[in-house]
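I opened this model to go through its chains, their contact and some helices. My notes are kept in the order in which I looked things up.

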Amino acid sequence: MNCSQVRELMSALHDHELRPEAVAEVNDHLRDCAECSRLVSEFGELSNLAAGLRNVSMSAPGWATIEAALDAHSWTQSQFVRHLRSRPARIAIAAGLLVAATVGIGAYYLRSDHNDHEHVAAHFGHFLDEFDRNPDEAEQVLLANYSGQSVSLDEAARQLKYQPVAPNGLPKGFTRDRVYLLKMPCCVCVQSRYKDATGRTVVVFEHVDDQPAWFGDRPTMMVQCHGLATCLVQVDGKLAASWKRQKRVITLIGALDLEEVSRLVEFLNELYPQSAASDQALNRSDGCKCHHCICPSVVHSDLVLRNATDTRPPWQHLQ
Amino acid sequence: MSVRSSDKPRRFMTDAASNGADRGVNASRRTESIMRIVERCRQGDRHAQQELYEEFKDKVLRLVVRMVGQQDAPDLVQQIFLQTFRNIRQYSGRAQFGTWLYRLAINECLQLRRRIHRTTCCTLDHEPIDDSMSWSLQSENQELLGRALEGIDAGLRAIFLLREVEELSYAEIASVLQVSAGTVGSRLNRARSRLREELIELGWEP
C-alpha cells in the first residue's frame, strides 16, 4: 500500500473497523513510513482529547419541563375540541380555517420548495463527499435519487427541449464517457461525465433554473472568470465551479486547479450560440447570483492564474 | 506486500453484521427493554415517555451541547424530545431506537444552525467547554478542541462527535447518517484532518 491508500483507511484503522488482513497491510506500511505513523498517532491524541468532551457541565431539562410542554400541546388540542361545541366558535373557527387554508397553501408551496432545495443539497453533499474518493460510487447517489437515465445526445436534447452545451465535449485530452438525465425537483438536468488520459473523472451538470443549492454550507468563493460570476468550492483535492450563462447553469466537478477551471469555463462559454453574445455583459452587471450558497466571506476577485508549475493545493491558489 | 494501484477497490471495512454479533446478550436485552418502552410511548403512556427521556436525555444533551453550544442546548433538547414523542409512530423499528433518535437530534441541530446562519450570517461564538475546568494542559487542549470543532463543517463535527463522544460503531453511524460504512470512514478522515489543522492553527502541539 502507498501513503494515499493508507491514509484513506487511517480512521478505520484507528477505530478498529478494518478487516484483519487490511490491518496487516496498513501496519506493514506504517513500519516504514514515519509520516503516516505520525498521523495515526495524532488521531490517537485527538481521541484522548475528545474523551474530555463526554463530560458536560450542565444538565438536561427536568422531566417536569418536558411534561409541561407535552401538556401544553395536548391542552391546546383539547381546548380546540371543546370550543367546537359552541356555534359562534364554530363559525369563527370555520372563518379562521378558511384564512389559514389560504395562507397555508401558499406556505406549503414555499416550504416544499425549501425542502426540495434541502434534499437536493443533501444528495449533492453526499455526491461531493464521495467524488474524490470514488466518482463512480458518488454518481450512484444522484442516479438513484433522481431516476438517472443514460441517454444519447439527441435524446438529451429531445427531453430537455433545448440543445445542451456541456455534453458536446471538453477540450482536447478529455473523452466523453457517459451522458445522463437526472429528474430533479427543479428541472431535468443533464450530467456529462468525462475522463482524461490518466483516468481522472470530470463531471459537468447543465440545467435551466436558478443557481442551485448544491454546494450546501461548504465554504464557497465567488470569482469573475471570463466575465462570468463563478462560484468555487473545494471538493477534497479537487475544485468544483458553478456559473450561469443566460438561463443555463453549468456546474463543473473535478477540476485540478484554478487554471483548469478557467480553461474549461472559457471552452464551454465559447460553445454557446453567438446570438447570446450579450450574455457576458449581462452576467457582469448581475454579479453574484449564487444566493443559495452560504458565503460567509464572499470574495470577488479576478481569476488570474498563469503559473502551471505552481504545486500548491488548489484552494491555496485563491488565498 | 505490493499492491498495484490499478487493483479493483477491495473491501477493507468490517461488516456491520459482525459488529452487531459482538454486542452480546445484555445489549440485546437492553434493546428489547427499550423497544417495550417505545411501544408504550406509541400508545401515549406518560410514564413510558418519562422512562425514555431519562434513558436518553444525557446522551442527547451531550451531542446537542457540542453541536450548537450551551446557550441553545436546553431548548433544543426539549424540542428534540417533543418531536420524538410526536413522531414516535413513524419509528419503524428497523434501526435501533437510539440511532433513530440521534438522526432526529442531528437534523434538529443542523436546522438550528441553518436558521442561525441565515439570520446572523456569522459563526456561533465560542462557548467555553466547562468554566470549572482547572487550567491544566489537558483542559486547555480540550478547550482548544471545543473551539476547533466550531471551526469545522457541521456535518463533519456531527460525525466526529458520534464516533468519539457517543462511541458509535461505523455501522451505527452509517445508519444515523444514512450513508455507507465506507463513507463514514472517509468523512471521519476528513473530520480528523480538518480538526487537526484547526487545532494546529490555534496553537495545539501534538
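**Entry 1, chain A.** I noted at the start that this is a predicted model. I looked up the secondary structure of chain A and found 10 helices and nine strands. Chain A has 319 residues, and 33% of them are buried. I then took the contacts in chain A with a separation of 6 or more: 59% of these join residues 24 or more positions apart.

I counted nine helices and zero strands in chain B. Of its 206 residues, 38% count as buried. For contacts in chain B with a separation of 6 or more, I noted that 68% are between residues 24 or more positions apart.

How many residues of chain A are in contact with chain B? I found 44 residues of chain A in contact with 48 residues of chain B. On the chain A side, the elements that give two or more residues are H1 (3–8), H2 (10–14), H3 (20–32), H4 (34–51), H5 (63–83) and H6 (87–131). H4(A) gives the most, with seven residues. I sorted the chain A side by class and got 21 nonpolar, eight polar and 15 charged residues.

I checked the length of H4(B), which covers residues 73–87. At 1.5 Å a residue, its 15 residues should span 21 Å, and the end C-alpha atoms are 21 Å apart, so the two agree. I also looked up which residues are buried in H4(B): B:Ala73, B:Leu76, B:Val77, B:Ile80, B:Phe81, B:Thr84 and B:Phe85.

I wanted the angle and the distance here, because two packed helices are described by the angle between their axes and the distance between the axes. The axes of H8(B), residues 170–177, and H9(B), residues 181–201, come within 8 Å and cross at roughly 95°. Angles of 65 to 115 degrees count as roughly perpendicular, so H8(B) is roughly perpendicular to H9(B). Which residues make the contact? From H8(B) I listed B:Tyr170, B:Ala171, B:Ile173 and B:Ala174, and from H9(B) B:Ala181, B:Val184 and B:Gly185. By class, this contact has six nonpolar residues, one polar residue and no charged residues.

Definitions and conventions
Residues numbered from 1 in each chain as written. Chains lettered and ligands numbered in written order. Predicted model: local features only at pLDDT ≥ 70, side-chain atom pairs only at ≥ 80, totals over all residues. Helix = DSSP H or I, 4+ residues; strand = E, 2+ residues; numbered from the N terminus. Expected span 1.5 Å × (residues − 1). Buried ≥ 20, exposed ≤ 12 C-beta atoms within 10 Å, placed from the backbone. Contact = placed C-beta atoms within 7 Å. Nonpolar A, V, L, I, M, F, W, Y, C, P; charged D, E, K, R; others polar. Axes fitted to C-alpha atoms, helices over the stretch in contact; angles between N-to-C directions. Parallel < 35°, antiparallel > 145°, perpendicular 65-115°, else oblique.
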